[in-house]
Amino acid sequence: MFVDGRQVPSGTVLETDIAIIGAGAAGITLARELIGDSRRVMLIESGGFDLDTDTQALYEGESQGVDYALDAARLRYFGGSTNHWGGFCRPLAEIDFETRDWVPHSGWPLSRADLDPYYTRAQAVCQLGRDLTAADFDDTAAWAKRGLGAPLPFADDAFVTRFFIYSAPLRFGEAYRDEVGRAPNIVTYLNSNVLEIVPDAMARQVELLRIGTLGGHTFDIRPKICVLACGGIENARLLLLSSSVQPAGLGNGNDLVGRFFMEHVHVPGQIALIAMDDKAAIPAGYNEPKEINGALVRAILMPSDAYLRREKRLGLNIAIYPMRAPGAEGTPEAERPSEAGIAQLLQLQSAGASATIFGASCAAEPIPTPGNRVLLAASRDALGQNRAKLVWRPTIEEHRDLARNVDALGQSFGRWGRGLVKALFTEKPAWGEDEIGWGNHHVGTTRMAIDPKQGVVDADARVHGLGNLYVAGSSVFPTGGPVNPTLTIVALTLRLADHIKSINLTGRV
Ligand SMILES: Cc1cc2nc3c(=O)[nH]c(=O)nc-3n(C[C@H](O)[C@H](O)[C@H](O)COP(=O)(O)OP(=O)(O)OC[C@H]3O[C@@H](n4cnc5c(N)ncnc54)[C@H](O)[C@@H]3O)c2cc1C
């Protein structure tokens, strides 16, 4: 059932077993998992079924460092940011979960093996194609057999072929609205903004959620279990805003809420150009997504785990495609050449008239950095709540690491002996503003750690110190890896759903 929160009389107090705040990829996935459960669920969503400019304006905020439009980077209505996501899916790799001595603050309290069964289930939720498992993201032999082409036969082990499998992209709100609406144990409150998560006087348990509408009236929900699923920036903002009992914000006893914000830097234009003597040497499966047996798949290059360990580097993922003439119609945004790229392209073309020039673009793994963070701004939104302020600038270590990885890519092509690589992204003393693009991935602000001094949530995604408050979404990732987050968000949410189903609520307040 769907209820418009604007129709709930002010002063109403509602009770439920499980409250889920936010109906995006995480919130909708969790609600679907609880369909048919004996417990009553309330899904509380700020927006309605469509974009509304006044509600979307609640996402406006301030930024410091990189000029970051907080309202353009996410959507505030049923389905959340999946209403405009690109659908790129890939799990994190084993190494991404490990503590690496060259990546400060790295290490998850989970391993890839712990998440593997959930990744396979998450692929079904994101509708990535029938009969595929998490292993298919790395299975070069299987995709070659299915017609995607053989992997590039580099002579060294630095770079390997991996795969993105694309979601349609699935709009979670449209796809799952009827199913959630029909569920007898779920009530979804639309146009209902959680203003504060209020705990008991000792801040041990969540007691109630204060809800406000843009029309100005308020009501409360008293849950036995509460799950915060508002996205990687808003999860931190709402904990910081929940300050009536703990002035620094809920779960923020160790000053960690909002810190360690991470984004994937997508360098605009190309990181390198590759002149190939034979166009067919790079199979079409690398150049663009191909549909095979109902799955949309693209081959990419990634550094091997052996190389990352040996060289102590950060991960990245690299897309390769034949360069179109500058200004050619229909060139995807990510493949548009930068000015430096155009100059090099013309040079390379005149040097080798018969060569085909390929471009390489990438997204890079960020370093968890405590000073990159979400704070509360002094300015307020239409509900009277302090806006989010994002302080984010990629570090010089990330720049150096990426430049060295680009150099290594050139060496791998060189050893193979088939392509001439011109690196466009090279080591510099500082990031140039024109070198920083991003993926709209908001990671790390309520990081997961066993030790409360190192993280906001524990390995079950429960906020340290609070018995009944959980967090779903990329804010719990301790590190971001080099790939898009949503498949991992969904996998972690399925794991959280299993945990919540195992809790006996009898006797809980
Ligand atoms: C342009 C773009 C392209 C992207 N492409 C990709 C991609 O290709 N692959 C990928 O993996 N990821 C991609 N992403 C990221 C992806 O969209 C997010 O990772 C994903 O949507 C996060 O899911 P979530 O449920 O945590 O948050 P969201 O989907 O953002 O949902 C949060 C929900 O909480 C609600 N909410 C917020 N505050 C409150 C409140 N106070 N009270 C009640 N409700 C509230 C919001 O209205 C929203 O519905 C992209 C993002 C953007 C913006």
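Okay, quick caveats. What you're looking at is a predicted model, where local features need pLDDT of at least 70, side-chain atom pairs count only at pLDDT 80 or more, and totals for chains, interfaces and linings use all residues. Numbering starts from 1 along each chain as its sequence is written.

Let's start with the ligand. There are 38 residues around it, and Gly22, Gly24, Gly80, Gly86 and Thr486 come nearest; a residue is near if its C-beta atom, placed from the backbone, lies within 6 Å. Two or more shell residues come from each of α1 (25-33), β8 (193-199), α6 (234-241) and α11 (486-501). Here helices are DSSP runs of H or I, at least four residues, and strands are runs of E, at least two, numbered from the N terminus. The most comes from α1, with 3 residues. By class, we have 15 nonpolar, 19 polar and 4 charged residues in that shell, and Gly counts as polar.

Now, the domains. Domain 1 is 1-128 + 175-263 + 373-393 + 441-509, and domain 2 is 134-166 + 265-364 + 395-435; those bounds come from an automatic or database domain assignment. Taken over C-alpha atoms, their centres are 34 Å apart.

So who touches whom? On domain 1, 18 residues contact 17 residues of domain 2, with contact meaning C-beta atoms, placed from the backbone, within 7 Å. On the domain 1 side, β5 (88-89) and α3 (112-125) each give two or more residues, and α3 has the largest share, 3 residues. That side has 11 nonpolar, 3 polar and 4 charged residues.

Notes: Two residues are in contact if their C-beta atoms, placed from the backbone, lie within 7 Å.
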